[in-house]
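This report looks at aromatic rings and charged side chains in one protein. The sequence and the structure come next.

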Amino acid sequence: MASASSSRRALLLRGSAALIAAPWLLVRTERSRAADDNIPRFALGIASGHPRADGVVLWTRLTGTDLPERTTVQWEIARDEGFREIAARGEEVAEAAWAHSVHAEPAGLAPDRWYWYRFRALGQYSAVGRTRTAPVPDGAARTLNFAIASCQRWDHGHYAAWRHMANEELDLVMFLGDYIYEHPTSKQSVRPLETRSGLVRTLAQYRARYATHKSDPALQAIHARVPWLMVWDDHEVGNDYANLQGEHLEPDFAAQRAAAYQAYWEHMPFPKSARPRGPDMRIVDRLDWGTLARIHLLDDRQYRDVQVCPKPHRGGSNTVALKDCPEFLNPQRTLLGAEQERWLAQGWDTARPWNLVAQQTLMARLSWTDAAPGGESGGGTYWTDGWDGYAPARTRLLETVAQRKLGGVIVLGGDVHANFVAELKTNYDDPTAPTVATEYCGTSISSVGMMQSRLDAALPLNPHLRYARSDQRGYMRFALDAKRMHVQLRVVDNALDPASGIATAARFVTEAQQPGAIAD
């Protein structure tokens, strides 16, 4: 059996065979004389997620072309990285029908502490991962350290951002959508995908695309380092999809969505209870981090109304002037769906100092032309796929925040491949309207953003945007206590370089009882 060195400081990182420092990721393989001994059975890594005070979900997926239809996978979780103090162990059956994925759910764990876990199957051990439980909901929690990330298009760049995040001391990672992209390899590809033509549409194709992404050692490292909370956006299925409508108005889109949702569950550390049924899967959830924060996980794809004023013979997004599309202001339209809107409105926490809203995209208004009432642009020009395409629904959400006098509402987003820091208001046409919440919308891990010059031209028209940079790739890092939240915008030097360095491009502070972002 291969064992860790006494320093236990090795971990895959640089390229496909390099190492970074993190002891819990050392692969421990029990060798046997079996014929399949040299076939990697855990080539896609391991992960944990969905942490609760007494449990967590442990994930892996068996690999190899010779796997039986059903095979037993053993797992164990320990209080120490040497596995001398086993907290729980068990077995799961990995089935071909679900891509030989494993979703183990150890229970009875102690709250608010770190654990180590691993799997064993077909004569091999997986890598060793580290995870943790949440504090009990009514228990004291002094701090919460987490990062948000999104949009990791494989062929647009490397994952240096994940490599650096794996060296941060975090309690959680919140991934806010676009884990994969359904596109074929682009002409400007930095690294090729497994297919060079055609959109991903079938279950086999989605599975292959996840396998490509999960082969990256830096992504495997951060998955094995800390538990994740996850929401999806559009590219896990198809660009700009809305409910059961695809961008290309595909007649069989429900079947495509079912395939995409199944592959998503197969490759993410969700519990068995979240396993999709046809084209439906519930990712909406809520987690209390002791008495410090309530985390709301939203879904803005599955239940939304379709986008207004699309391009001819297409679904999906458009950028249009308000004066040319009165449907923008239809109060019946919803991004979250009526049921999810009610769920969120009923779930705001007035006791904890923080309400963290993990969702997919930019919530603050972003007009590309002068939005002054009565101006030549007739109230502004907006992108229809984001919250601007559902402005009355955004107003309903923020009016509830204002009415409840919730001071520590932080909206977290991704999708737009840019770093945004914004003040959220119930009425953007009134320059004296108070700020009711704060938004931190993080840039992409690797996906290319719009030209910065375009954003620079829009900033004077959107004074509530405190920061906007589309030329940055990376993640946001948060540290909060009962009084304030410290935010760092972590930006890699060059997303085309897997060994890129990283810097903090900006720092902000938000007070729990005073909405808004203060440059630090």
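Rings of Phe, Tyr and Trp (its six-membered ring) form a pair if their centres lie within 6.5 Å. In this predicted model, such ring pairs link W162, F175, Y179, Y210 and W228 into a cluster.

A search of the whole structure finds 17 aromatic pairs. One of them joins W98 and W265: the ring centres are 5.4 Å apart and the planes stand at 80°, so this pair is edge-to-face, a term used for planes over 60 degrees apart. W98 is in the loop between β4 (86-95) and β5 (101-104), while W265 is in helix α4 (residues 253-266), so the pair ties together parts that are 167 residues apart in sequence. W265 has a relative accessible area of 3% and is buried.

Y264 and F270 also form an aromatic pair, with 5.6 Å from centre to centre and 45° between the planes, and this pair is tilted. Y264 counts as buried at 2% relative accessibility, and F270 counts as buried at 5%.

| Charged residue | Ring | Distance from ring centre |
|---|---|---|
| R120 | Y125 | 5.7 Å |
| R454 | W368 | 3.9 Å |

Another arginine, R118, is placed in strand β6 (residues 114-121). Is R118 buried or exposed? Its relative accessibility is 10%, and buried means under 20%, so R118 counts as buried. The R118 side chain makes a polar contact of 2.6 Å with the side chain of E76.

Terms used
Residues numbered from 1 in each chain as written. Predicted model: local features only at pLDDT ≥ 70, side-chain atom pairs only at ≥ 80, totals over all residues. Heavy atoms only, no water. Helix = DSSP H or I, 4+ residues; strand = E, 2+ residues; numbered from the N terminus. Buried < 20%, exposed > 50% of the residue type's maximum accessible area, 1.4 Å probe, protein only. Polar contact = N/O pair within 3.5 Å; in protein donor to acceptor, adjacent residues only side chain to side chain. Phe/Tyr/Trp six-rings, centres within 6.5 Å; stacked < 30°, edge-to-face > 60°. Lys NZ or Arg CZ within 6 Å of the ring centre and 35° of its normal.
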